[in-house]
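This briefing covers a helix span, a helix pair and the nonpolar cores of the structure shown below.

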Amino acid sequence: MLTDKIMDLFTDKSEPVRKVIAEVLRFEQAHITEKMPRYMEEFRRIIDRAVDDAT
Amino acid sequence: MRLERIRLQNFRQYTRDNRLSFARDPKRNVTIIHGANGAGKTSLFTGVNWCLYGTQAFADEAALVSKAALAVAGDGHRVETSVELTFTHQGERFVALRHLVSKRGKDGSAILGSPSVLTIMRVRAGGDAQPVPEPEYLISAILPENVRTYFLFDGERIDEFSKPGSVAVQDAIRRVLKLNVLVRSQTHLSKVAADYRETLGKLATGEYQKLVTKDIELRSEREELAQRRTSLDQEIASARLRIATIDEKLKELEATRALQEKREKLRGELVQAEGDRDSVLLTIRELVAGGYLLLSDHVVGKAADFLDQKRARGEIPGSVRRQFVEDLIIRLKCVCGRPFEVNGPEHQELLALLERTLPGSIEDNVLETAAVLRSFAERAQRLRADIRQLAERREALLDAVESLAAEIEEVSTKIGAVAEEPGALERERKEYELDVEGYSVEKGSIGRRIQDLDRAIAGLKFEMEHAAKQEVKHERLSVRMRLAQDASDAIASVYDKFATQLRGRVEEHTRELFQQLVWKGTQFSGVSLGPDYDLRVTDRWGLPARPDLSAGERQVLSLAFIGAMGRVSEEEAPLVMDTPFGRLSSVHRNSVTAHLPTLTHQLVLLVTDEELRDQARLNIERHIGAEYQLEFDESEGSTRIVEIPR
């Protein structure tokens, strides 16, 4: 997947940031046809998971 | 995604059950579907699009219902239209079925009850099939609707990419190469960070810090007061020591000895009386703490009287138990042992009594309640008597304290009136006594202030615990806000780099493919993307060649670009082309057909006989895995898919 290649550009970022970006890209790719995907709650969950994993 | 099979039923001119299997062998990945103009190529192409994307691909669904099927059906009869597409994706096999139910109207047209419905089954190796919960979501994840036109496209519009001023190239790069995914990710993450920031703004009142400061102030004041109280204790002890010393001296002096001794005796009595007075007051306070008995005394008395009256009237039992009456009736014997007859006066009396008695449990409760109420009333009476007695005792003690203080004052005055040394000592003593009194008042005041401070500190502790929880929430949100913002910033920072990389790769592949596909390749030195993503072709002299490109060359340029997009995106998507070579001259057809099968994983070409013949046919021959002919039956007005054996 192209989004996997994009991740190579974030090697200098912290693990939580990389995790958030990877999951957000996956979500956006799956919902690209939706004009207003319900991203807010999903992104909060993604961020929660990244923080939990880091602590 | 790789297409496996399509099945059409009552779909446009495909009236019967029509099936077609696509070529999937990597070496023979081309499916050729021949058809004359109007034979059903575009309908088949529409069938693939409609099955996957419904009204997004074809808005007027009523127009998709087979007219031949409608003609056969009677007025008001159902006609079922469907397209079933079997495909594989990343090792899994799916069957997508879009189904539409309509009825024939009086004018013979299709009347739809509701829009079409898409069902997708995930088929396991053993043949088990499970429905995909959100079929549209699955299609969106595999091949989003907004990029489908770059893979399933109409050959008539193929040169849109190469038209001057076209935004199609930029749009294709943005959509197919997921740049819009990056943009949306960055924008949405930024909005999430802003949302966290807004919540933080509401929480960040500095309340906890304010409370901490307040707590420090209160504790500091308390500490100062406690030190002052200790200091006062020392002052009082010192003054009392001085008074005791003076008292000793006064006893040693002849003139004041008797008065001093009397004063000491009176003082001893005063201390005793004050102690008793305080003790009595304390006892009264303790008794009054149970004052609810006194307050409820009236109500309790009324309730007990009410129960007594009820019992006296026989409305609730007195001491006669139901069980006891029942026993007498059964035995037909009085308590004295005298027998009585059924329905006799004794028997009638007992039956009447039984009616007035209550079931055992209620009876017990009534009796118990009455007993408790009586107990309350008795305790209240005792309490009232105790308090009255103590109040009288306190009054007496107050009088005694007042009397003793007056007597001591009188003795002190007498001592002070003595001339010379005793008088001076007494005046000094008086000063010390006033000091002690002043210190004691100040100490009492400090004690009250310390009590107030202790209460305030305790209250503050509760508030601080609450604020601390908010502080934790604040910190928690801060971490999340920073993470969202960092991720958003990171995407923004790589966007240009990534876009430039992709743009370079698209340019490189388009240039390479264009050189392969165009028949006079040596006449063109390069293909590039301009600042506005417009496709630029330069001729052998380094000059812009686009205005001079023929329609065929523009189509080849578009094909080169589509091929480049497929390579760069690395998406495994079929390339389904409806009438792709209509505008190409034979020389371009030859070069395109020589390379097109290698541009994609799976190629489906819907062509007229004119489009694919001679060298073009020979070029593609070795890649053909399946081939069909669309035969239109004029009598039925329907198309049949006929496989051409290979």
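**Helix H8 of chain B**

- Helix H8 (residues 257-289) of chain B has 33 residues and at 1.5 Å a residue should span 48 Å, which agrees with its end C-alpha atoms being 48 Å apart; the expected span is 1.5 Å times one less than the number of residues, and helices are DSSP runs (H or I, at least four residues) numbered from the N terminus.

**Basis of the values**

- This is a predicted model, in which local features need pLDDT of at least 70 and side-chain atom pairs count only at pLDDT 80 or more, while totals for chains, interfaces and linings use all residues.
- Residues are numbered from 1 along each chain as its sequence is written, chains are lettered from A and ligands numbered from 1 in the order in which they are written, and side-chain values use heavy atoms, with hydrogens and water left out.

**Nonpolar cores**

- In the largest nonpolar core, which has 131 residues, Ile173(B) and Leu605(B) touch the most other members; such a core is a set of buried Ala, Val, Leu, Ile, Met, Phe, Trp, Tyr and Cys residues joined through side-chain atoms within 4.5 Å.
- Helix H13 (residues 420-517) of chain B gives the most to this core, namely 15 residues.
- Beyond its neighbours within four places in sequence, Ile173(B) has contacts (heavy atoms within 4.5 Å) that include Val506(B), Leu529(B), Tyr533(B) and Phe561(B).
- A second, separate core has 18 residues, among them Leu232(B), Tyr439(B), Ile446(B) and Ile457(B).

**Helices H15 and H16 of chain B**

- Helix H15 (residues 586-599) of chain B packs against helix H16 (residues 614-621) of chain B at an angle of about 10°, with axes 8 Å apart.

Terms used. Helix = DSSP H or I, 4+ residues; strand = E, 2+ residues; numbered from the N terminus. Axes fitted to C-alpha atoms, helices over the stretch in contact; angles between N-to-C directions. Buried < 20%, exposed > 50% of the residue type's maximum accessible area, 1.4 Å probe, protein only.
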